[in-house]
Amino acid sequence: MRSRPLSPHLGVYKFMYTMALSILHRITGVALSAGLLLLAVWLMALAAGEASYERTYDFLSHGLAQVVIAGWLLAFAYHLCNGVRHLTWDAGIGLEKHEARRSAAVTVVATVLIFAALIYIAFYLRAGGAA
Amino acid sequence: VSLRSPLGRVLGRGAAGEGVSHWWWQRVSAVALVPLALWLMVSLLLLPSLHYAHVVAWLQQPWNAVLLTLFIVVTTYHSALGVQVVIEDYVHGKPIKIFSLLASTFLHVIVAVAGVFAVLKVAV
């Protein structure tokens with residue numbers, strides 16, 4: 001097949017941080033989809049009984065797994081906040097350029113707050129418990 | 001000159017025969033996931049620990065089992081719709097695209113069935 005021109009031509013636009021938020025929605029979405037595999041493994045381990053569950057628990061308690069889980073919580077917080085932003089657009093609200101830039105800032109702040117709250121509960125409030 | 005038939009225009013289903021249903025269900029599942037996902041995160045994180053006994057006791061509460069089943073079904077559906085669009089946009093070449101779409105569909109169904117089965121096994 002002859003190669004045809006593909007849209008969008010990203011190179012012709014001046015970079016705006018709203019572009020980063022846009023692609024981040026997809027990246028975090030795919031990351032969360034991959035996380036669903038982990039959720040299924042965790043639940044199946046639970047269904048298989050205590051011995052298999054505690055093995056999975058120990059594996060998920062390791063430092064590297066905890067970093068992955070923390071990253072997953074961050075992806076969740078972002079996809080949730082930016083998803084709500086997308087829903088407001090679908091309702092026809094906030095489509096002007098200056099409004100989209102403001103809601104981008106709100107999304108980033110809300111993401112940081114929700115992520116901080118989740119991390120605080122997971123790693124500090126629950127003494128000795130793994131996330 | 002439009003080549004679309006009057007019937008096709010009225011039905012509004014487009015070339016793929018689906019109309020806006022993909023777009024619409026992505027939104028319906030998104031709206032449902034806002035409370036469901038927040039509930040799951042907060043209630044898991046508020047457990048005294050995630051050791052076996054605590055998680056089993058939590059999942060044996062009927063409403064927890066119902067809400068987790070709902071979360072699994074809705075989130076795998078939302079994920080399947082989203083990953084499908086990502087594959088369609090970025091994977092070029094027909095054979096690899098079809099293969100990726102099939103793999104994504106199968107994986108999502110496996111995750112959904114395994115998740116619901118595990119919840120029922122523990123909760124019932």
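**View 1. B:Leu7 lies in helix H1 (residues 6-11) of chain B.** The model shown is predicted; local features need a pLDDT of at least 70, side-chain atom pairs count only at pLDDT 80 or more, and totals for chains, interfaces and linings use all residues. Residues are numbered from 1 along each chain as its sequence is written, chains are lettered from A and ligands numbered from 1 in the order in which they are written, and side-chain values use heavy atoms, leaving out hydrogens and water. Helices are DSSP runs (H or I, at least four residues), numbered from the N terminus. Is B:Leu7 buried or exposed? With a relative accessible area of 58%, B:Leu7 is exposed. The cut-offs are under 20% for buried, over 50% for exposed, and partly exposed in between (1.4 Å probe, protein chains only). From the C-alpha atom of B:Leu7 to that of B:Leu50 the separation is 57 Å. These two residues are 43 residues apart along the chain. The average pLDDT of chain B, the predictor's confidence in each residue on a scale from 0 to 100, is 93. In chain B, 100% of the residues score at least 70. The model scores are ipTM 0.89 and pTM 0.90.

**View 2. A salt bridge links B:Asp89 and A:Arg26.** The term requires a side-chain nitrogen of Lys or Arg within 4 Å of a carboxyl oxygen of Asp or Glu. Here the closest N and O atoms are 2.8 Å apart. B:Asp89 sits in helix H4 of chain B and A:Arg26 in helix H1 of chain A, so the pair joins two chains. B:Asp89 is partly exposed at 37% relative accessibility. A:Arg26 is partly exposed too, at 25%.

**View 3. A:Asp90 forms a salt bridge with B:Arg27.** Their closest N and O atoms are 2.8 Å apart. Because A:Asp90 lies in helix H3 of chain A and B:Arg27 in helix H2 of chain B, this pair joins two chains. A:Asp90 is partly exposed at 32% relative accessibility. B:Arg27 is partly exposed at 22%. Over all chains, the structure holds 2 salt bridges.

View 4. Rings of Phe, Tyr and Trp (its six-membered ring) pair if their centres lie within 6.5 Å; planes under 30 degrees apart are stacked, over 60 edge-to-face, and the rest tilted. How many aromatic pairs are there over all chains? The count is 4. The rings of A:Tyr53 and B:Tyr52 have centres 5.9 Å apart and planes at 55 degrees, so this pair is tilted. A:Tyr53 is buried, at 0% relative accessibility. B:Trp39 and B:Trp58 are stacked, with 5.8 Å centre to centre and 25 degrees between the planes. B:Trp58 is buried, with a relative accessible area of 8%.

**View 5. A:Trp42 belongs to an aromatic cluster and to the largest nonpolar core.** The cluster holds A:Trp42, A:Tyr53, A:Tyr57 and B:Tyr52. Beyond its neighbours within four places in sequence, A:Trp42 is in contact (heavy atoms within 4.5 Å) with A:Tyr53, A:Leu60, B:Leu44 and B:Val55. A nonpolar core is a set of buried Ala, Val, Leu, Ile, Met, Phe, Trp, Tyr and Cys residues joined through side-chain atoms within 4.5 Å. The largest has 44 residues. Those with the most contacts inside it are A:Trp42, A:Leu43, A:Leu46, B:Leu68 and B:Phe71. H1(A) gives the largest share of this core, 8 residues.
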